[in-house]
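Good morning, and thank you for coming. Please have the sequence and the structure in view while I speak.

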Amino acid sequence: MIPGRVHEILVSHVRIITRHKFGTFGALILVFFGLVALFAPLLAPHDAWETLKTAEGRVAILKPPSSEFPLGTTMMGRDILSQMIYSTRTTVVIGLTAGLISILIGANIGLLSGYYGGKLDESLMRFTDIIYGMPFVPFLIVLIALFGRSLWFVIIAICCIVWRTSARVIRAQTLAIRQRQFIQAAKARGCSDFRIIYSHILPNILPLLLLYTAFNIAWSVLAEASASFLGFSDPNNLSWGGMLYELWISGKIRTAWWWFAWPSICIVLLVSALVFISRAYEEVANPRLKQR
Amino acid sequence: MGILEVEKLRKHFYLNPGFLSRVVSKKKPSVIKAVDGVSFGIEAGEILGIAGESGCGKSTTCSLITKLLEPTAGAIRYKGQDISQLGKKDLKAYRQQVQIIFQDPYESLNPRFTTFDLVAEPLRAMGIAGKREIQEKVFSTLELAGLKPEEYQNRYPHQLSGGERQRVGIASALVLGPELVIADEPVSMLDVSIRAGILDLIRDLSVRLRFTCIFVSHDLSILSNISERLMIMYLGKVMELGTTRDVIAEPLHPYAQALISAVPIPDPSYKRPRPNIKGEVSQPIDPPPGCRFHSRCPQGIMEECGTVDPPLNEAKPGHFVACHLY
Amino acid sequence: MLLDINNLKAHYQTETGMVKAVDGVSFSIGEDEVFGLAGESGCGKSTLIRTLMRLIPDSARVSADRLAFRGQDLLAMSDKQYREKILWTEISLVPQSAMNSLNPVHRVGDQIVEAILAHSKMSRREAAERAVSLFEGVGLQSGLTRSYPHEFSGGMRQRAMIAMSLALDPSLIVMDEPTTGLDVLVQERILRKLAEIRKQVKKPKSILLITHDISVIAEMSNRIGIMYAGRLMESAPSLELFNAPFHPYTLGLKNAFPSIKAPDRQLISIPGSPPNLIGDIPGCMFAKRCPFAISDCSHVFPEFKEVAPGHFAACIRTDHVDEFRQQAGDKRTWESSKSKN
């Protein structure tokens, strides 16, 4: 690919996203969180696990937001702002990794299933149906019981489940495109199956693919938050859900509104941002939505 | 021996009735005999027209020749070699030599590819490496198709008119230098004032690039103008085959006679003789024995018409008919 | 005069500008007459029909010096009046792709009955009887009224739509590409049926036949109009249009059409493509592609004037028509305009 083409593609994507206010809004939020995740150590004023003391020398337990602790402190005297910043990193990493891996799995299954049809299609789709039946949290519990708690198991558990919807949807789209005459033309011109799937069909499902990438990342973030809220995350890697878990077991959920507010708001913001961006791609995937 | 020989070609599609029908009324699967015993040959360098209405099997025959479909029975021999037994390498060589121009200029081009990529794709798919070689070939083919490369190479299909798109389609079919080109209704979806240009292009290029052409169309007016020999199909079988002049001026088969007399003429003063056939055109599903045209034929009075399938006989030199009258 | 149209315009506002889909079309249709309107894609014939049948969006600007049916001003009518008095009862439509106009979940006969009930005061029983007789009139067996659209072939669906258009005995039937997409034998039968219907019925029916197929128009029409880029280029009685055309576009079209009776005739295409209908194009719309255009052709608006009795053409150079007719048959004449495009 010529650099010029890459530039062209990037520009067209920026244009797609910024076409609407919500797309721009979503993009800005993502960029914000991305930067926070990237520069976490530089931005966080304190260590996430450090028990802090107030100016008077007492342990800063459950302090509401103040100039000293902008977002307040936890039951253990830890700075919520720092915790938030480090958690962003965890969330972004898990969200991106699990999201991207799951879309890779889902897209390929969808493409192969849709293109080849027949027995391959049937077996892949039956497999997808089985995965549909699998509940996320129990699966995660089993993994943790077997292998112990780790960031990676959370990612694996998410990947195992989240791909299923994208597989279905991409298969449907592939089926539709496969019928079109330019695919027949490609076959007649001597293109191998591999080439047809990845050079001819894939570019045509790209908007849908990007849409579901955004969804997958959003679902991964939510899955992770749910898992950590229930206490099933890696204790060494704090996330927003994990912060809420700590809040929950401390019993102070009714009183420490700040401890509750910031993680929740951020989860909502991040997921919304992803959905907004996906909305922008949805219009490209389905042009009829453009007409009001 | 011509460049292509088709012998007793058959393509049957099976329709499975529902589970209940199968169990309760013991219904057997229906058969769509899209192509049912087609035999013909083409000489190198000629333009053979295949005419027929929808459901006659002409498009299926094209798909069988280009190996987009595999036959149920029968043989297709290209330059003497049976193409059903081709290994991967031979298939590649075959595709290089036998190409197809599609009907719909709006659907046969990948909307995400530029004109350059569309014409280069066959070269890339075949592994003809070398950026420079590809560019040379693409440019020269675009020129042959009447499109200036500098102007068109970066345009996407949605930026082209119907006629331009079809030229790109033609270029992508010809870039590999095929010896047999199948044109499947290449002008049916184009405006009238543009058709002549594309027809001329195909005709000129078939001479310049020395390829044989099978031109499929439902429009006999177009075929009368471009094809040298004409084959008329009905419900999966060949009804008549001969030089275009012979078939159009003196059609022998009742179906051909009806078809030709039904073609409207762009001349208000001409009073067309009315074709005399009854019934609706049927689907080639579970056809009854005997001549396919029997139920609608105004002259189908002989006993054989309803029981025996008429073979394709040479009624006059070079003029073949599948009818018991001959 | 059944339908009298003078200087009809229909302009749409779009994101990129004002599209002048129909820009000053004038013709008239008499009683018991078939008027064929020929033109290629983008010439505005579909918009013209939709304007007549009031199927265009409200945002379109429609104007005309005269648009009258049997003397009644159609533009002045409200939608309600139009629907009650004209639509389906006086002017009916057989739309393009009639095959797709039928609702797949209702029986065909029921759809005709609904159409009848919506525009008349017949009882359901009367409407059902009428539907059966209409079917028989187009050559479909009466039992077929109980079928669903998917059980019909393309030709049968088209005939069902024709039956529907005849339901309330209109005086004018507008047919938009009635045989496009149909096999030639089916087309032949439908055209023949139409001719029979016109002869049989007590109340004479006129047809406005719109198609790009010049052969069909030649067979069916009494008078023909040639449309290009939103304007009428020429209109005349059929025989005269074919034997003695005046407009270069007509000359070009004649050459572009193959005929099974003249297989050796060289086909000539018209280089270039139709112009963009957005914006003001002074002068003749065909000038860019016309081999006989002079510099004036691009600035001077060609009036649609009478060049022979009943024969109109929009060209400022009709005085050279004999020359044009001679040169039009030569391929080289048209190649010269290729360089302009």
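What you see is a predicted model, in which local features need pLDDT of at least 70 and side-chain atom pairs count only at pLDDT 80 or more, while totals for chains, interfaces and linings use all residues. Residues are numbered from 1 along each chain as its sequence is written, and chains are lettered from A and ligands numbered from 1 in the order in which they are written.

Which chains share the most contacts? Of the two pairs of chains in contact, that pair is chains B and C; two residues are in contact if their C-beta atoms, placed from the backbone, lie within 7 Å. Chain C brings 34 residues to this contact and chain B brings 34. On the chain C side, two or more residues come from each of helices H5 (154–165), H6 (184–200), H7 (214–220), H8 (238–243) and H9 (248–256). Helices (H or I, at least four residues) and strands (E, at least two) are DSSP runs, numbered from the N terminus. By class, that side of chain C has 18 nonpolar, ten polar and six charged residues. Here Ala, Val, Leu, Ile, Met, Phe, Trp, Tyr, Cys and Pro count as nonpolar, Asp, Glu, Lys and Arg as charged, and the others, Gly among them, as polar.

Chain B also meets chain A, with 20 residues of chain B in contact with 15 of chain A. Helix H3 (88–97), strand E6 (98–101) and helix H4 (115–125) of chain B each supply at least two residues of that side. Chains A and C, by contrast, do not touch, and their nearest C-alpha atoms are 12 Å apart.

Turning to chain C, its secondary structure comprises eleven helices and 13 strands. Its C-alpha trace spans about 65 × 45 × 40 Å along the principal axes. Of its 341 residues, 49% are buried, that is, with 20 or more other C-beta atoms, placed from the backbone, within 10 Å of their own.

Lastly, in chain A, the axes of helix H5 (residues 118–133) and helix H7 (residues 151–178) come within 9 Å and cross at roughly 135°. Axes are lines fitted to C-alpha atoms, for helices over the stretch in contact, and angles run from 0 to 180 degrees between N-to-C directions. The contact is made by A:Thr128, A:Ile131 and A:Tyr132 of H5(A) with A:Ile161, A:Arg164, A:Ala167 and A:Arg168 of H7(A).

Note on methods:
A residue is buried if 20 or more other C-beta atoms lie within 10 Å of its own, exposed if 12 or fewer, and partly exposed in between; C-beta atoms are placed from the backbone.
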